[in-house]
Structure formats: structure tokens, C-alpha cells
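This report sets out selected structural features of one protein chain. The sequence and the model are shown first, and the findings follow by topic.

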Amino acid sequence: MAEQPRFDTIPEAIEAFARGDFILVLDSPSRENEGDLIIAASAITPAKMSFLIRYTSGYICAPLPASLAAHLQLPQMVAHNADPNRTAYTITVDAAEGGTTGISAEDRSRTCNLLADPMTTADRLRRPGHVVPLQARDGGVRVRPGHTEAAVDFCKLAGLPPVGVIAEMVEDGAAQEGVAELRGGGMMRRDGCLAFAKRWGLKCVTIEDLVRHMDQEEGQEGVLDSVH
């Protein structure tokens with residue numbers, strides 16, 4: 001029998017993430033029950049952005065800490081958030097210089113790189129744009145077990161600037177010759193995500209495992225602190 005795909009460990013995912021690789025992260029079946037491709041904003045390139053756009057919804061978001069959103073003058077997109085998971089969308093942005101319309105893979109990767117650059121100031125971003133920053137909750141996945149917080153937590157665990165790039169995994173659906181439609185598509189779930197990760201050599205993990213890993217790491221640090 002063929003070996004069934006399995007989830008990878010969080011240390012394996014952190015190591016890959018620190019190298020600048022994509023990782024595939026799933027949340028709980030009782031929440032969104034979705035997988036997101038996640039990469040550090042400091043590691044995204046035009047070629048990687050092209051891959052992200054091609055194999056996901058193409059709706060590119062950039063999770064970042066609330067303090068950075070404030071520093072870059074990125075207020076919430078709306079005053080009253082009706083999103084069921086309270087995803088904290090800010091106003092959209094593009095890099096103010098060096099691009100064209102902002103929608104190309106090259107332009108969007110430049111914008112994400114800029115968000116991750118600690119030297120970036122608010123005036124280097126134009127508003128509105130084609131990248132959607134998301135404000136992560138302080139406390140990370142242990143406070144809100146979402147992809148937004150997972151992206152920022154993975155950046156911190158990997159020792160990278162705390163800005164990620166994420167997009168949701170989708171199934172294309174079936175094409176019919178001569179008809180400009182794709183039927184039967186939808187969000188990619190567990191088995192599809194595991195198969196995708198295996199195909200492209202990516203690490204695939206869950207937010208639940210990330211929460212456990214961070215709890216264990218904090219517990220170990222607490223023991224060490226009590227010794228010294």
C-alpha cells in the first residue's frame with residue numbers, strides 16, 4: 001500500500017520556514033477548516049509570489065503585529081468588523097515606488113518585502129493597493145488560533161521579521177472544453193492539502209500542533225527561569 005501523507009512536526013516546519021520555504025498550515029475543522037500557504041514576507045520573491053497566486057485564491061494578505069500596523073499607519077478597513085472570525089483587515093497597500101499598477105507578482109512581492117523591512121515608514125506605502133495587511137492579535141495562536149497569528153508566530157520562531165504572506169488553498173474544479181467555467185471547485189481541505197504539500201515538497205502542519213509546541217516551549221523556558 002502507498003504511504004499515507006502525514007502532518008510534519010512544528011520544528012520541521014520552522015526549519016523550512018527559516019530557509020524561506022512555503023509551509024502549508026491548516027486550522028481546526030471546527031473553525032474555517034482551511035489550509036493556507038504561508039511564507040515570510042522577507043523571503044517572498046516574484047517567482048514565489050507567482051506560485052502563490054497560481055495555486056491559491058490569489059487574495060494575498062500580509063499578517064503583521066498590531067504595533068507595526070500602527071507604526072505604518074494602517075487602520076482597520078472598517079469600523080465595525082462583521083467577519084465571523086474577526087479577521088482584522090487593514091486598508092490595502094502597494095509599494096509607493098518601483099512598481100506599476102501594484103497587481104503583478106513582482107509588484108506584490110515588492111510590497112510584502114517593504115512591509116517586512118524594519119526601515120519602512122508609512123510614506124513608502126500608497127493606499128489603497130493590492131496587498132491586504134492583517135493585524136495579528138497579541139499573544140498569537142494561543143489567543144486566536146488563526147492563520148493570521150500563525151504566520152506571525154512562525155516568523156518569530158524562525159527569527160525573521162514578524163510579517164508573513166498568506167493565501168487560502170483552493171480546488172480548481174473541473175474544466176469543460178469550450179466553456180469558460182470551472183465547476184465543482186471550492187476550498188481545499190485536509191487530504192487535498194496533504195497531497196499538495198507532498199507534490200511540492202512542502203511541510204504541512206496544523207495550528208493545533210503549533211499551539212501545543214508553543215505551550216511546551218514556554219513551559220520549558222519557565223523551568224529554566226526557575227533554575228537560574
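## Cysteines

A search of the whole structure finds zero disulfides. The model is a predicted one. A disulfide is a covalent bond between the sulfur atoms of two cysteines. For Cys155, the closest cysteine sulfur belongs to Cys112 and lies 11 Å away, which is too far for a bond. Cys155 itself is buried, its relative accessible area being 0%.

Cys193 also takes part in no disulfide. Its nearest cysteine sulfur is that of Cys204, at a distance of 5.9 Å, whereas the cut-off for a disulfide is 2.5 Å. Cys193 counts as buried, with a relative accessibility of 0%.

## Confidence of the model

The chain has a mean pLDDT of 92, and 92% of its residues reach 70 or more. Residues 222-228 stay under 50 in pLDDT, and for this segment the model has zero contacts beyond four places in sequence. Where pLDDT is low, the predicted coordinates should not be read in detail.

## Aromatic rings

The count of aromatic pairs comes to eight. In one of them, Phe196 and Trp200 have ring centres 6.3 Å apart and ring planes at 45°, so the pair is tilted. Both residues lie in helix H6, which covers residues 190-200; because they are four residues apart there, about one helical turn separates them. Phe196 is buried, with a relative accessible area of 7%, while Trp200 is partly exposed at 33%.

Ring pairs also link Phe196 and Trp200 with Phe22, Phe51 and Tyr55 into a cluster. A charged group is found at Tyr55: the charged end of Arg54 sits over the Tyr55 ring, 4.5 Å from the ring centre.

## Thr206 and its surroundings

Thr206 belongs to strand E11, residues 203-206, and is buried, with a relative accessible area of 11%. When neighbours within four places in sequence are left aside, Thr206 is in contact with Phe7, Ile10 and Leu26. A polar atom of the Thr206 side chain lies 3.1 Å from the backbone nitrogen of Asp209. The C-alpha atoms of Thr206 and Arg190 are separated by 9.8 Å, and these two residues are 16 residues apart along the chain.

## Backbone geometry

Which peptide bond is cis, with omega near 0°? The bond from Arg127 to Pro128 has this geometry. Pro128 is found in strand E5, which runs over residues 125-136.

Positive phi values occur at Gln73 and Arg86, neither of which is a glycine. For Gln73, phi is about 55°; for Arg86, phi is near 55°. Gln73 is placed in the loop between helix H3 (66-71) and strand E4 (93-95), and Arg86 likewise lies in the loop between H3 and E4. Gln73 is exposed, at 54% relative accessibility, and Arg86 is exposed as well, at 52%.

The side chains of Glu149 and Arg144 are joined by a polar contact of 2.6 Å. Beyond four places in sequence, the contacts of Glu149 are with Gln135, Ala136, Arg137, Gly140, Val141 and Arg144.

Arg110 is located in helix H4, residues 105-116. This arginine is partly exposed, with a relative accessible area of 24%. Residues up to four places away in sequence not being counted, Arg110 touches Ala95, Glu97, Gly98 and Gly99. Arg110 and Pro46 are 64 residues apart along the chain, and their C-alpha atoms are separated by 7.9 Å.

Conventions. Residues numbered from 1 in each chain as written. Predicted model: local features only at pLDDT ≥ 70, side-chain atom pairs only at ≥ 80, totals over all residues. Heavy atoms only, no water. Buried < 20%, exposed > 50% of the residue type's maximum accessible area, 1.4 Å probe, protein only. Phe/Tyr/Trp six-rings, centres within 6.5 Å; stacked < 30°, edge-to-face > 60°. Helix = DSSP H or I, 4+ residues; strand = E, 2+ residues; numbered from the N terminus. Lys NZ or Arg CZ within 6 Å of the ring centre and 35° of its normal. Contact = heavy atoms within 4.5 Å. Polar contact = N/O pair within 3.5 Å; in protein donor to acceptor, adjacent residues only side chain to side chain. pLDDT = per-residue confidence, 0-100.
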